[in-house]
Structures are given as C-alpha cells and as structure tokens.
Amino acid sequence: MVRTRLGSIIWVAGLLVLFGWMSTALGQTQKFKESIYPVGKLKPRDSVPKLKVGDEAPDFTLPAVRGGEVSLSEYRGKKNVVISFVPAAWTPVCSDQWPGYNIAKEIFDQYNAILLGITVDNIPTLYSWTNQMCMGGGSLWFPVLSDFWPHGAVAFKYGVLRSDGVSERALFVIDEKGIVRYIDVHDINTRPRLEALVGELEKLNK
Amino acid sequence: MKVIGIGAGNTPFEVNFFQKKYEVPFPLVPDEDLAVHKVLGEVRTPYFIGVKINEDGSNEVFYSKLGGFKDSGEFLNLMIKLSGL
C-alpha cells in the first residue's frame, strides 16, 4: 500500500466533495442546471427606503403557493416574523437562498419565528420554482407568497420595489408586537449570511 | 481514503450548522469567498474529485464528476478501483 504524508495526515487517497447550500455561486446546484436565467451583475440597490427600525410593519395579505392567503397580522402576538423578499424566481442567488432557509428550520423554531418568502412572481411560476428547490423531495416549510398583483404592492409598501419591477433582496425581522426590528436591503447580487439573521433573532429575546 | 467537503459559498456558521444537522463525519471546509471553488473550475454541486497522492508527493486526479450517487457502497468500491488502492 502506498502511503504518503500530507501535512500531519496520512493519506492514501483523498476525495474532495464540493457541496453548496445557500451558496452564492450562481444557483449552482446540479438540480438547477440550465434552469437559472443568468442575470449578470445588477445595481446593488435600486429603491428608496420607506421603513426604519422601530416602525410598525405595514400589514398585508397575499396569496400563498400552498393555497389560501397569508396576512402578516395573523402572527401578531404569536410569532416573530422574518420576511425574505427575493428578486425573482429562476434567478441565481435566490435559487440558493431559500433552500438554505429550508434546511435551517430549527433555527427559526428556536426563536419562535416564522419565515415568509415573497417575490413579485405569480403563483404558477412560484409553484414550479419552489418545487424544484426542495432537495430530496418534500416542500418548503415556510409560506411562499406572491406579490404579483397589484404588481409588487407589498414590496412597494416596504420600500423594496426596484425600478424594473422586481424586488430587492431584503430581510425584515418583525417582532411579535408587529414592530420592525431589523432591515437588511442586501446587495441584490449576493446572499445574506445566515449568521447575520440569526444574530438579529437572538436580539429579539433580550 | 479520506473525505473532505467544501462548502462553496458558505460561511463557517453555515457549514457548522450543516455538519451538525446532517451528522457529517468528515471535515467540512467553508469556502465563503469561493476561492477553492474557483481553483477547482467553478463546478456545479455536488461535485466529487478523487485525488491520489503519490509516493513522490505529486497529486493525481483519478475521478472528477458532477452529481451525487445513490449507493454509497458502490461509490466507495468505484473509488477504490479507480484509485488503484
């Protein structure tokens, strides 16, 4: 048997596995091969903020991919709410961001938080896209809401509707009282780090 | 045979969470700035690369393929065969 020293480890052969969850690398999972539209590099932010930390979060009611409607107000007094606006279905970073949140359900549970995913796409598009998203079958644990009509009305209300009609990549943390506690209108080209959101959820209970 | 996983685009926190949740028994390395990913050809994931380290210290890629596998036993046998161990 051939044995070679590499650093302090005895190696015979090595197997490198590249995996990506919540990856920033261009919707790069094999599952999405050829389905992701290459958007190129976009202007990082293209909207005027309307809300600030401490404001009451504007209520909304939107249709959900799984059926029915979801209103922000139904969580009042019950759960913290994380709203994740992503620009559009079938685009690079978004196609990695939500599968990551799907894996991290325990973290949301730990902080008594529900996640609401919102895009300006219509329900059929979101249905196809989110079905492709779930690794190993199943479905996303959090509601995915369509802000398609009136187009981007909720994104507009939250100050994250871009001039071309898609939304920013933005995170809002709203506490059980309905107060905005964190806003991250992120560079649309990159995925927010999970720990930044977790850090904000931690602060809610202090 | 050793296995190392590289989290393309992932932060240490994300990799740590992933490792604990799925009880991954081998080292996982975060590659947040995609530096390793770039060196390895910006492949899609999952992607497997088998590297044989020769006695003279040189490395030899014996396997490089996109996509997962269904049967881990079969995959291990294939790696043993291709690496010539």
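Author: Before we start: two residues are in contact if their C-beta atoms, placed from the backbone, lie within 7 Å. And keep in mind that this is a predicted model.

Reader: Thanks! So which residues does A:Val82 touch?

Author: Leaving out residues up to four places away in sequence, A:Val82 touches A:Phe108, A:Ala113, A:Leu115, A:Leu171, A:Val173 and A:Leu197.

Reader: Nice. And which residues have the most contacts inside the largest nonpolar core?

Author: Those are A:Val82, A:Ile83 and A:Phe172, in a core of 45 residues. Strand E9 of chain A, residues 169-174, gives the most to this core, with five residues. There is also a second, separate core of nine residues, and A:Leu15, A:Phe19, B:Ile6 and B:Phe48 are among them.

Reader: Let's turn to the sheet. What is the strand order?

Author: In chain A the order is E8-E7-E6-E9-E10, an open sheet of five strands with mixed pairing. Strands E8 (144-146) and E10 (180-186) stand at the edges with a single partner strand each, so one side of each has no neighbour in the sheet.

Reader: In which sense do E6 and E7 of chain A pair?

Author: They pair in the parallel sense, over six bridges. A:Ile83 stands opposite A:Leu116 in E7(A).

Reader: Which strands does helix H5 of chain A lie across?

Author: H5 (residues 194-204) lies across E6, E7, E9 and E10 of chain A, and runs at about 170° to E10(A).

Reader: Last one: which residues of helix H3 in chain A are buried?

Author: A:Leu126, A:Trp129, A:Thr130 and A:Met133 are. They cover an arc of only 95° around the axis, so they sit on the same side of H3(A). The face turned away from that buried side carries the exposed A:Pro124 and A:Asn131.

Note on methods. Residues are numbered from 1 along each chain as its sequence is written. Chains are lettered from A and ligands numbered from 1 in the order in which they are written. This is a predicted model: local features need pLDDT of at least 70, side-chain atom pairs count only at pLDDT 80 or more; totals for chains, interfaces and linings use all residues. A residue is buried if 20 or more other C-beta atoms lie within 10 Å of its own, exposed if 12 or fewer, and partly exposed in between; C-beta atoms are placed from the backbone. Helices (H or I, at least four residues) and strands (E, at least two) are DSSP runs, numbered from the N terminus. The arc is that of the directions from the helix axis to the C-beta atoms. A nonpolar core is a set of buried Ala, Val, Leu, Ile, Met, Phe, Trp, Tyr and Cys residues joined through C-beta atoms within 7 Å. Two strands pair if DSSP finds at least two bridges between them. Axes are lines fitted to C-alpha atoms, for helices over the stretch in contact, and angles run from 0 to 180 degrees between N-to-C directions.
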